[in-house]
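Thank you all for coming.

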Amino acid sequence: MADFNRMILKGRLGADPEVKSLKFGDIVEMSLATSESWKDKKTGEWKNNSTWHKIICKGDHTTKYASKYLKKGMNIMVEGKQENRTYEVEGKRRVAPEVVVGPFDGSISSTDPKPKEAQPVVQSQTSGSNDDDGDEIPF
């Protein structure tokens, strides 16, 4: 079987997506928090642990979607591959894991419930007013 590099994460955005313009095109950087909860057997208290993930969107479709529709606090699902970016700080080599949603693989979507659509307002006709021409629907 061939090697496989795929990550699927569901969590909340820690900040609004940040668009960065690079020489090869725009990317969007996001911080995603995934959380787990458990009950401590000794104290009976609920404990929480959050892990932060750096998400990078590449390609026109994913960058436009992320920058236009995603906002801080939204619950989203990300599917991408893990890449490790290396850099140096004061002569020490550092590795930063990132989940990359590329232009040809991966996906990103909001899992927040859609806002309720505005309900049409039904206007009642006032008594004495009879503007019924038979062609219009009264709502």
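Let me begin with Arg 6, which is partly exposed, since its relative accessible area is 30%. Please keep in mind throughout that this is a predicted model, and that every value I quote has been computed from it. The side chain of Arg 6 meets the side chain of Glu 79 in a salt bridge, with 3.5 Å from N to O. Glu 79 belongs to strand E5, residues 75-89, while Arg 6 sits in the segment before strand E1, so this pair ties together parts that are 73 residues apart in sequence. Glu 79 is partly exposed as well, with a relative accessible area of 28%.

If you are new to this kind of contact, the general idea is that side chains of opposite charge can pair when their charged atoms come close. The structure holds 8 salt bridges, and I will take you through two others, both of which involve Lys 54.

In one of them, the side chains of Glu 29 and Lys 54 meet at 3.7 Å, N to O. Glu 29 is in strand E3, residues 25-39, and Lys 54 is in strand E4, residues 46-58, and the pair links these distant parts of the chain, 25 residues apart. How accessible are the two partners? Glu 29 counts as buried at 16% relative accessibility, because buried means under 20%, whereas Lys 54, at 28%, counts as partly exposed.

In the other, Lys 54 meets the side chain of Glu 98 at 3.9 Å, N to O. Glu 98 lies in strand E6 and Lys 54 in strand E4, so here the parts tied together are 44 residues apart in sequence. Salt bridges that share partners join Lys 20, Glu 29, Lys 54, Arg 85 and Glu 98 into one network.

If we leave aside its neighbours within four places in sequence, the residues in contact with Glu 98 are Lys 54, Ile 56, Lys 81, Gln 82, Glu 83 and Arg 85.

Let me turn now to the nonpolar side chains. In soluble globular proteins, such side chains tend to be buried together. The largest nonpolar core here has 15 residues, of which Met 30, Ile 55, Leu 70, Ile 76 and Val 78 touch the most other members. Strands E1, E3, E4, E5 and E6 each give two or more residues to this core, and E3 gives the most, with 3 residues. Leu 70, not counting residues up to four places away in sequence, touches several residues, including Leu 13, Met 30, Ile 76 and Ile 108.

Finally, where is confidence lowest and where is it highest among the strands? The mean is lowest in strand E7, residues 107-110, at 88, and highest in E1, at 96. For the chain, the mean pLDDT is 83, and 81% of its residues reach 70 or more. Over residues 116-133, however, pLDDT stays under 50, and the model has 2 contacts beyond four places in sequence for that stretch. Where pLDDT is low, the predicted coordinates should not be read in detail.

Terms used
Residues are numbered from 1 along each chain as its sequence is written. This is a predicted model: local features need pLDDT of at least 70, side-chain atom pairs count only at pLDDT 80 or more; totals for chains, interfaces and linings use all residues. Side-chain values use heavy atoms; hydrogens and water are left out. Contact means heavy atoms within 4.5 Å. A salt bridge is a side-chain nitrogen of Lys or Arg within 4 Å of a carboxyl oxygen of Asp or Glu. Helices (H or I, at least four residues) and strands (E, at least two) are DSSP runs, numbered from the N terminus. Buried means under 20% relative accessible area, exposed over 50%, partly exposed in between (1.4 Å probe, protein chains only). pLDDT is the predictor's confidence in each residue, from 0 to 100. A nonpolar core is a set of buried Ala, Val, Leu, Ile, Met, Phe, Trp, Tyr and Cys residues joined through side-chain atoms within 4.5 Å.
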